[in-house]
Amino acid sequence: MRRIFSSMAGVLFLTLLACTTAEKKAVNFEDISSAEGLEKAGLQNDILMVYLYSDG
Amino acid sequence: MVFQDEEVGKYINQNFISLKINSRAGEGPALREKYKVSASPSVLFFSFDGMEIDRIVGFGGDRDGYLHTIQDYTRGRNTLQDYLTHLKNDPDDIDMIMKVAEKYNDRGDLQTAVAYYKQIPSLDPDDENGYRSEVQFQIAVYELVDHANVLPMNNLLKSSAESENLNRGFNRLLRYYSNQQDTLKVLETYEKAVAKLPDDADMLNGYAWYIFQHKIQSKYAQGIVLARHAVKIAPKADAIWDTLGQLLFADGQVQEAIDAMQKASDLAPDEPSYKENLEKYSKSLL
């Protein structure tokens, strides 16, 4: 997984399946581990929001 | 938590692809370093081509303001690029220069931020916009962080009377010396800090805790005095009662330590470490 973060494009590639969240009440964050094998299609008009949190 | 808010959630889900990353685990540290993320939580917004649109550092509890900022970013308003465009049209707009500097500061690009901060004194020699203090502070931070030059920050701390500037200035210096593991300089800085900020409970507690953590036995008595004063100022701060209890126990004052730790536990009954400490202290009396 580490190589994926070598470029922002890699980050984008990882996040694609979050596109289907439109009607959820709270923010639906994607778990990075579930994003493997996604296609890049459908990203071109979207803004990626990356929430960096700390658990300790 | 703002992301649990229904209106905020709906807006974000309709407008963004959202990703949540622990900045301390997995790929988080690499991402944090790459984008110079200085605080958690931070939220970064990227366009489809991977360019950063803007970011929000921290969350101050203002839900409406947070939503407003996110809505602005969606529309390309109040972003760094937006401000730079304004500045191109009016290069002497002091408020806009300050906003651009703050944007670069948020991005961890202190060098570019300071280039903007440094424009302000000559454009506003009489400080009519009121940025002088902040500009001086940010330049001092830059000298400290990027050039290991402590002089501007020390000069600022000597001349400043504003408690907010003093608090964050001393904390910057303390972090700098702590990172260098220069215990003597940390102690010296704490001495100056508590002399200038005698009623700053967090600063007093910080010094007392440092004494305890680093087992500086020659200063236990002073640490206890500092912590006792801190709990007078902030009697509901369980963490300060904890500091007091730990120092008292380390100093051999077991019954007093139990009393202080009991206070901490009463204030935060769900904190297991307080109960563990109480048990440990009580056993030592047997």
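Which residues in helix 10 of chain B meet which residues in helix 11 of chain B? The answer comes from a predicted model, in which local features need pLDDT of at least 70 and side-chain atom pairs count only at pLDDT 80 or more, while totals for chains, interfaces and linings use all residues. Residues are numbered from 1 along each chain as its sequence is written, and chains are lettered from A and ligands numbered from 1 in the order in which they are written.

On the side of helix 10 of chain B the residues are Leu166(B), Phe170(B), Leu173(B), Leu174(B), Tyr177(B) and Ser178(B), and they meet Lys185(B), Val186(B), Thr189(B), Tyr190(B), Ala193(B) and Lys196(B) in helix 11 of chain B; two residues are in contact here if their C-beta atoms, placed from the backbone, lie within 7 Å. The residues of this contact divide into eight nonpolar, two polar and two charged, where Ala, Val, Leu, Ile, Met, Phe, Trp, Tyr, Cys and Pro count as nonpolar, Asp, Glu, Lys and Arg as charged, and the others, Gly among them, as polar. The axes of helix 10 (residues 163–179) and helix 11 (residues 183–196) of chain B come within 9 Å and cross at roughly 170°, the axes being lines fitted to C-alpha atoms, for helices over the stretch in contact, with angles that run from 0 to 180 degrees between N-to-C directions. That makes helix 10 of chain B roughly antiparallel to helix 11 of chain B, a label given to angles over 145 degrees, whereas those under 35 count as roughly parallel, 65 to 115 as roughly perpendicular and the rest as oblique.

Ser163(B) is partly exposed, with 13 other C-beta atoms within 10 Å; a residue is buried if 20 or more other C-beta atoms, placed from the backbone, lie within 10 Å of its own, exposed if 12 or fewer, and partly exposed in between.

Chain B as a whole has 16 helices and three strands, whereas the secondary structure of chain A comes to one helix and one strand; helices (H or I, at least four residues) and strands (E, at least two) are DSSP runs, numbered from the N terminus. Buried residues make up 35% of the 286 residues in chain B and 27% of the 56 residues in chain A. The C-alpha trace of chain B spans about 75 × 45 × 30 Å along its principal axes. Its domain assignment gives domain 1 (1–76) and domain 2 (198–286), with bounds that come from an automatic or database assignment, and 37 Å separate the centres of these two domains of chain B, taken over C-alpha atoms.

The two chains share an open sheet of four strands, with the order 1(B)-1(A)-2(B)-3(B) and mixed pairing; two strands pair if DSSP finds at least two bridges between them. Strand 1 and strand 3 (52–57) of chain B stand at the edges, each with a single partner strand, so one side of each is left without a neighbour in the sheet. Neighbouring strands of this sheet are turned by 15° against each other on average, direction ignored.

Strand 1 (residues 47–53) of chain A runs parallel to strand 1 of chain B, to which seven bridges join it, with Tyr51(A) opposite Lys20(B) and Tyr53(A) partnered by Asn22(B). Five bridges join strand 1 of chain A to strand 2 (residues 42–46) of chain B, and these two run antiparallel, with Leu52(A) opposite Ser42(B). Five of the seven residues of strand 1 of chain A are buried, so this strand is largely enclosed by the rest of the structure. Strand 1 (residues 16–22) of chain B is mostly covered, with five of its seven residues buried.

Some backbone details in the loops of chain B also deserve attention. Most residues other than glycine have a negative phi, and most peptide bonds are trans. A cis peptide bond, with omega about 0°, joins Ser40(B) and Pro41(B), and Pro41(B) is found in the loop between helix 2 (28–34) and strand 2 of chain B. Lys36(B), which is found in the loop between helix 2 and strand 2 of chain B, has a positive phi of about 50° although it is not a glycine, and counts as exposed, with 11 C-beta neighbours inside 10 Å. Ala148(B), in the loop between helix 8 (132–147) and helix 9 (151–159) of chain B, has a positive phi near 50° and is exposed, with 9 other C-beta atoms within 10 Å.
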